[in-house]
Each structure stands twice: as C-alpha cells, then as structure tokens.
Amino acid sequence: MKETEDHATLAEAFNADEPRVNWHDETLWFIRQKRDKAAHTIPDWELLRETASQIKHNVLSNLHDYLLQFEANAKANGIIVHWAADAAEHNQIVHAILQKHGVDRIVKSKSMLTEECHLNEYLAEHGIEVIDSDLGERIVQLAKEPPSHIVLPCIHKKKEEIGDLFHEHLGTAPGVSDPQVLTEAARQHLRETFLTRRAALTGVNFAVAETGEFVICTNEGNADMGAHLADVHIACVGIEKIIPKREHLGVFLRLLARSATGQPITTYSSHFKKPREGHELHLVFVDNGRSTQLGREDFRNSLKCIRCGACMNTCPVYRRSGGHSYHAAVAGPIGAILAPNLDMKKNADLPFASTLCGSCSNVCPVKIDIHQQLYKWRQVIVQEGYADRKKTMGMKAMTQTFASPSTFKLAGKAGRWFMRNVPFVLNNKMNPWYKQREMPEPPKESFGEWYLRNRKKTDE
Amino acid sequence: MTVGLFIPCYVDQFYPNAAIATLELLEKLGVRVVYPPRQTCCGQPMANSGFEHLTKESNDLFIKNFKEFDYIVAPSGSCVLHMKEHLHSDRYPAEAKAIQGKVYELIEFLTDVLQVENLQARFPHKVGLHQSCHGQRGLKLASMTELVAPAFSKPEQLLRMVEGLELVELTRKDECCGFGGTFCVAEEAVSVKMGKDRVADHLQHEAAYITGADMSCLMHMEGILRRQKSNVKVLHIAEILNAQEL
C-alpha cells in the first residue's frame, strides 16, 4: 500500500493554487471573526471557558463512575447500552444491530466518531448502504472524500464544485451553483432517504450521567429527522462525551455553537432519553484509544474536547493547508494532538504542522493547552524514534556547535563569510528557505565581535 | 542593578544592529549592562523540533553565563519564553529556577521593570507592528484577539513614545507570520504563504517599516519582502526605540 504522504507534502500541493488558498483562508477567518463577535457578547466568556474546563476535569477524573451512572440511568430509561473497546468492535456492534433488524440501508447524521472508526466503509463491505444526512457530509460522501473539517465537512469545496457533484448525482441542471437551488435538491433527495430508512445512526454531543439522556446538536435537524422516522436509532459516542448533570448543558451549549460558528446556539439541541413505544434506542460507548490517552498525563486534557472546531478556524496553518493535509479523521490542531495517540508512526508529522503560535489554546472553549501538547508530542515522537534520520543528524550537529562557544563563533564567522563571498552555496534550490525568500544579508561583524571592539575594554 | 545581555545566536550573527540598539537603549536608561561573551544559543531550535533532550549542554552553558546577574534581558520574546518555560538543569537546578524568574524580554523589561514613561527617540515613519506569537501569547506582551479581556499592548505603549512615528492599523492584528523555527523550512510552503499574507497586510496599510520584538519573524518577513523587491524594511523594535532620526 502506498504510504500516506506527510502534512508538509500535502500542504505544498494544496498551496499550488494560491487563489484557492486565499479563499479557504478567508472563509475560515470569517468564521473565526464570527466566533470572536459571539464570544464578546458574553462578558464572562473567560469564566465560562474556565467552568467548562473544570467540569470536564471532574469528568476525566471520575470517568469510570460517570459512565456506570449513565449506563444504569439509560438502561432504566429503556436505552440498550453497548461497550466497544475499539473501532472494530464498534463497527461489529452496529452491524449486528442492523443485521438483527434485517436492515441494509441506513441514514446517518454527523458523527466524527464513525469517521474515526471508518464505519461507512465497514458497512459498505457488508452490503449496507449509508447515506449521510448532514448536507456537508453528504456532499463529501458524493465526492468520495472524507470531511476536511469536523464542523464544516465540505468547507474545502466551492459552490460550483458542489453544483457539478449534484448535477452528476442528484440530477440538478448543469452549471447550477445557486446555494438555494442546490440546497433544495439536497432536501428533496434526503427527504426520500429519511422516509424510507428503518434505522438511523447519530453521533452524540453530550451524554448526561445524572439522567441517562443524551443531547445532539445540529443546525439542519437531520439527526431528529432520521431518528424520529426510523424504528431503530443507534447513537455512537466516545466515552469522554459524558457530563455529570443536565444543568451543565447551560455551560456547554452556550460555548459550543459560539465557538464553532459564532451562533448563540445550534438550531436544534435535541434530547433523547427513551425509545418510543415499539422502537429501539441503542447507545454504543466507544473507547478506541481514549483510555490510553487518559493515562498519558501530558495529553489527557485533549479528551475535554467538545468538537467545536474553533482551533481549526483560528489556526493559520490549517487555513493554509486544508483539512485533508492532516490525513486523519480529525484535522487541525486538535487532530494533531489526538491522532498520534491512535497511531504514532502514521501521525508523527502532525504535531510538527504548527508554528506553536498558541491561538488554538486561546479559542478552545474547554481550555485545552493544545499548543503545549503539540510541543510535548514532538518530544515523545522523537524519543520513540519516529523522527527522520536526517533531522536527527542535523539536530545533533547543531547541539555540538552550540555547546561550544568557540565552535559557534567560528561556525558563525565561516557561515557569514560564505554567504557574502560564495552566496550560491546557500542560495540554491536545495535550500528550502531560499526557494521563496532571500537569505539575510550577513554582516561583516557579529555583535560579539562589535562588543569586543567597543565595550569590552570599559568593562575590564 | 546589573543586567546580563542575552543576545540570541542568529541576532548575534545576522542582526548585530538590533543587539547594539538594545545595549545602547538600556545604557541610555541608566542600566549597567554586561554581555557574557561565551553565550551561544538558548536551545529552542532543538527543543521545538522535539529534541529537548539534547539541550542539556546549552542549558548549563546558559546558566553559567547568566546566573550572577540581577536581570537577564534579551531582544527576543521567543528565546525568553523558551527559557521561562523549559530551562532546567540537573547540575544547577536552583540557578535554573532563579533564572526563569529574572529573564525578561526587552519590551517587558522596559515597561514593567524600568517602567519607562518617556523615550528620547525620533522615527518619523509609518510603522507596522508585528506581534510575535511567543512574545504576545506566551509572555503576554499584548492582549490577544481571541480572548474577551481588556486591550493593552506593551510594544505599542513604547512605540507611542517615539516622536514622529505613525503606527498603522492592521486587518489581522495578531496572526502568526509562519516563521515557527524549523517549521519555516520543514513546512516551507505554508510558512511562506503565511509570511506573504502577513507582509501583505502591512503593505496594504502602507507601512514603510515592519517592526516587532522578535527578529526571527522579521527575518522571515524580510526574506519575503526582499524577494518581492519591496522597499519596505524590517527593523527590530529596539532600533526604533533607540532611533534619533532627524
């Protein structure tokens, strides 16, 4: 199998089309600005973030107890609760439920967890058709692509491209890119799907331990449409999505949509507590590496994430490299601290796809120290031997030079001499700095040398 | 009070004028400044690349060079932040901890320790201020657009004391320039694109100079400006605060 290309390579390809990068950057920056405006409508915004962070801290410290509390309450409500240790088990559980009901086609609302578990592919291999009902997800599904953003799955697509896809798959007229027309076409197509599917799969935003209910936030109402029209509703949830009490929704729902899109709240915040008469409601708890991450002290806070995507929208690297460059279900800064836990070798490049500017940590509604974790993952990845050899050799040489003041002075002097007198040694295409930037103009004298001539005598 | 002058390796080698301006500025403000000659690098390039375990020697060297001073001041937010967050030593643990409490970036040393209220400086030009991330978000030299908090800016506070200087407003006040240490070569395409966008913001607002507290960001943006054959120059903020132009 072809090895996945790394972030730098994929991002370079993305940057081949600069106007498109500008458009991608501006689109996401617009959402970041909407988020800023929404945040500023709440004077106690920073207190709200801190509160959410502390609630999640309590959850992570007592996860075992809250999960059991949720399970007991959910069972009492009539929800059938399942436990999956990993992605494979999750997929098998979902498949078994569908088999039991003889269902071969389902409708699914947005769930990044099922992306993480590659459920669609698994079910397709077992002859079950999945239609994603979130508009953005449906678009990328038709394009046979993964989502490029956890909240805005098709943010990388222009409306003209969506028009072409809809023309091909949904029969809209060629060349139509009017969002109103395209949305109406999707609406008719999905309506037929909602009405005919006997099983619906959804994600979960919050599972409330105190009541055994769960909450799904959507703007399109597609989770409700799917779940209410189907006989069987399967909700898949990562074990970290627990909150202790219903009143805590008052904190998280205020933060989630403001951080995600700048809306005060999602259009729908739907509570599911028990199945209707004659219907089945399943909930599948998935670990898939979360317990491991919980055990990594430096990285456990990443499990506080409520999947708002604010860190992506603010990330200057994400905006200019596109979600697909991250080659993981969750892209951007949060993806870069989650993915190495799942597969360190494959995702060794991701923590390096950052300048450590820290903007992600500042927008995070649950105050995950994302950029500090990126730094820490870099140390772990190098220690575990996943850094490339060339880089390791370079770093060792650098260390030697800096360890000795005289070597450093000599190297600096020699370097500057070369740059002044034989600039082509560095000014060529082998030097990635020089490709699109001039090298600094090397002065004849370093500061150290200047100081020696001008100040040293007065010191002594 | 004696200040140990900590000059980042690349400033020493490529931007001696920024270091000279820092020294002169501090001396002008009545501070006794000493430059320990055996300094090299703070170790940040290695640490940020995941090789913090290789920084033992540069850490110990740094401690030997600077432990005796009342304060340590550097014209770089990034290197200072690295020392504050990551300096450690098995051989000199107490000294390492003490240094973390007395190492200052130049701007914050001027505003917080010396509490400078006026400067004898004149620089009659349009200037764009680049807020370097490590100085701004790390050392909190200025308020950050992400946070709901009162606005302040220590570098602006000082630049406003400079006669004739006109600060330009930027569309994106605190977006990263894309330098990012080894990121600038490891992720060349994104790094350059970020730099081009940052530079364009300054150009659109007709800055004649781009300044900031970190020469590394400025070096990156200078490389782009010069490739574009732009007349816009970069200058370390110390050079502007020390300027006596007529």
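Biologist: Hi! How many bridges join strand S1 of chain B to S2(B)?
Modeller: In this predicted model, strand S1 (residues 2–5) of chain B is joined to S2(B) by 3 bridges, and the two strands run parallel.

Biologist: Nice. And which residue is the bridge partner of Val3(B)?
Modeller: That's Val33(B), which sits in S2(B).

Biologist: What order do the strands of that sheet have?
Modeller: In chain B the order is S2-S1-S3-S4. This is an open sheet of 4 strands, with parallel pairing.

Biologist: Okay, so which strands stand at the edges?
Modeller: Strand S2 (32–34) and strand S4 (103–105) of chain B. Each has a single partner strand, so one side of each is left without a neighbour in the sheet.

Biologist: By how many degrees are neighbouring strands turned against each other?
Modeller: On average by 35 degrees, if you ignore direction.

Biologist: Which helix packs on the sheet?
Modeller: Helix H5 (residues 77–86) of chain B does, touching strand S3 (71–74) and S4 of chain B. The direction of helix H5 makes about 155 degrees with that of S4(B).

Biologist: Let's switch to helices. How do the axes of H11(B) and H12(B) cross?
Modeller: They cross at roughly 80 degrees and come within 9 Å. That makes H11(B) roughly perpendicular to H12(B).

Biologist: Which residues meet there?
Modeller: From H11(B) you have Val192(B), Gly195(B), Lys196(B), Arg198(B) and Val199(B). They meet His220(B), Met221(B), Ile224(B) and Leu225(B) in H12(B). By kind, the residues of this contact are 5 nonpolar, 2 polar and 2 charged.

Biologist: Now the contact between the chains. How many residues does it take from each?
Modeller: It takes 58 residues from chain B and 58 residues from chain A. Several helices of chain B give two or more residues to the side that touches chain A, among them H1 (9–14), H2 (16–28), H11 (188–204) and H12 (215–227).

Biologist: Which one gives the most?
Modeller: H12(B), with 7 residues on the side of chain B that touches chain A. That side as a whole divides into 33 nonpolar, 12 polar and 13 charged residues.

Biologist: Last topic: chain A. How many helices and strands?
Modeller: Chain A has 23 helices and 10 strands. Its C-alpha trace spans about 90 × 55 × 50 Å along its principal axes.

Biologist: And how many of its residues count as buried?
Modeller: The figure is 47% of the 460 residues of chain A. As for contacts in chain A between residues at least 6 apart in sequence, 71% join residues at least 24 apart.

How values were computed. Residues numbered from 1 in each chain as written. Chains lettered and ligands numbered in written order. Predicted model: local features only at pLDDT ≥ 70, side-chain atom pairs only at ≥ 80, totals over all residues. Pairing = 2+ DSSP bridges. Axes fitted to C-alpha atoms, helices over the stretch in contact; angles between N-to-C directions. Contact = placed C-beta atoms within 7 Å. Buried ≥ 20, exposed ≤ 12 C-beta atoms within 10 Å, placed from the backbone. Nonpolar A, V, L, I, M, F, W, Y, C, P; charged D, E, K, R; others polar. Parallel < 35°, antiparallel > 145°, perpendicular 65-115°, else oblique.
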